[in-house]
Amino acid sequence: MPANLSPEYKAAADALRRARDPAERLEHLREMLRVIPKHKGTDHLQADLKHRIKELDEELAGPKKGGTRSGPALVVRPEGAAQVALLGPPNSGKSALHAKLTGSSARVAPYPFTTQYPEPGMMPVEDITLQLVDLPPLSPQHPVTWIGGALQSADACLLVVDINDPEAVGQVGDLQSMLQERRVGLTRHWPVDGQAGAQPGREEEDPFALTLPVLLLANKADLDPDSRADVAALEELLGVRYPAMVVSAETGAGLDRLGPWLFDRLGVVRVYTKAPGKPPDNARPFTLRRGQTVADVARLVHRELVESIKYARLWNASHDGQHVGRDHAVEDKDVIELHE
């Protein structure tokens with residue numbers, strides 16, 4: 001029986017796909033369950049929605065007192081300009097890269113499966129930060145049943161491989177298969193390409209299908225002078241050409257390019273706000289994405305402000321305080337003065 005999903009359900013599903021904050025995702029999931037048509041054709045979707053709501057609700061509530069569930073949360077609340085997940089097979093050097101880039105106290109050891117739970121850390125890029133989340137290694141010997149849920153809040157991922165490991169091709173293939181089982185796909189297309197997002201044709205039948213843009217990090221390049229040639233060979237064998245960087249967590253080689261690359265490919269836009277008659281707050285920019293508008297800035301300042309905003313004054317290379325409407329697309333380093 002066809003699902004015949006209503007426009008209200010589709011709108012809530014679209015909002016879910018755009019949402020990254022776990023509390024916001026929970027709100028949209030509940031709305032989807034509320035408005036979904038109740039008949040046999042949607043039984044599987046209703047069951048999936050109830051399961052997702054229960055799972056996310058428990059994660060947001062935290063460990064129960066006296067309960068059996070314990071340990072760190074499996075859902076990381078996004079912070080900074082974007083959340084980027086670190087994925088990779090065992091011993092690829094993910095945790096060492098995470099520690100190097102964020103200064104975190106992530107546990108690093110020369111044996112596999114050191115990382116057991118999501119480990120967040122903040123990587124500075126100019127005057128903003130990107131959140132990097134180190135996730136457990138993925139392999140058939142170490143299934144991570146909750147990996148799909150943990151990735152729902154991510155904007156992109158870094159696929160870390162040991163470029164010297166002769167098993168790298170098989171490891172990456174296994175990783176891709178495990179993600180696909182959890183409804184997660186990887187794509188070479190980033191937001192600035194205009195092609196990132198849900199997998200075509202799957203949105204209506206599977207609102208939880210997720211496609212994340214990926215950057216391949218060929219780690220441990222300090223051990224291999226022919227790393228770039230090895231990356232080309234790896235991608236040829238995989239049958240997919242992800243954008244790639246050759247790096248070394250040991251020496252730091254190549255890591256200085258990572259932050260600016262992510263900033264650009266994610267389409268991050270910094271907007272500085274000011275009050276009338278006062279200088280802009282240059283210390284704390286609001287971060288958006290290319291194509292977002294003055295109204296989106298107002299929503300970040302205060303959720304209710306977006307309803308009352310009438311116009312803004314804009315300062316940048318081509319504007320010197322001119323009035324712009326709420327639908328005006330903002331650009332990086334814009335200074336905005338909001339008016340109700």
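Guide: Let us consider strand β1, both of whose faces are covered: Gln83, Ala85 and Leu87 on one side, and Val84 and Leu86 on the other, are all buried. Here, buried means under 20% relative accessible area, with exposed over 50% and partly exposed in between (1.4 Å probe, protein chains only). Helices (H or I, at least four residues) and strands (E, at least two) are DSSP runs, numbered from the N terminus.

This is a predicted model, in which local features need pLDDT of at least 70, side-chain atom pairs count only at pLDDT 80 or more, and totals for chains, interfaces and linings use all residues. Residues are numbered from 1 along each chain as its sequence is written, and side-chain values use heavy atoms, leaving out hydrogens and water. The pLDDT is the predictor's confidence in each residue, from 0 to 100; among the elements of the protein, β1 (residues 83-87) has the highest mean, 97.

Two strands pair if DSSP finds at least two bridges between them. β1 pairs with β3 (residues 128-134) in the parallel sense over four bridges, and leucine 86 has aspartate 134 as its bridge partner there. Four bridges also join β1 to β4 (residues 156-162), again in parallel, where valine 84 stands opposite alanine 156.

Leu87 is among the residues with the most contacts inside the largest nonpolar core, which has 35 residues. Such a core is a set of buried Ala, Val, Leu, Ile, Met, Phe, Trp, Tyr and Cys residues joined through side-chain atoms within 4.5 Å. β1 supplies at least two residues of this core.
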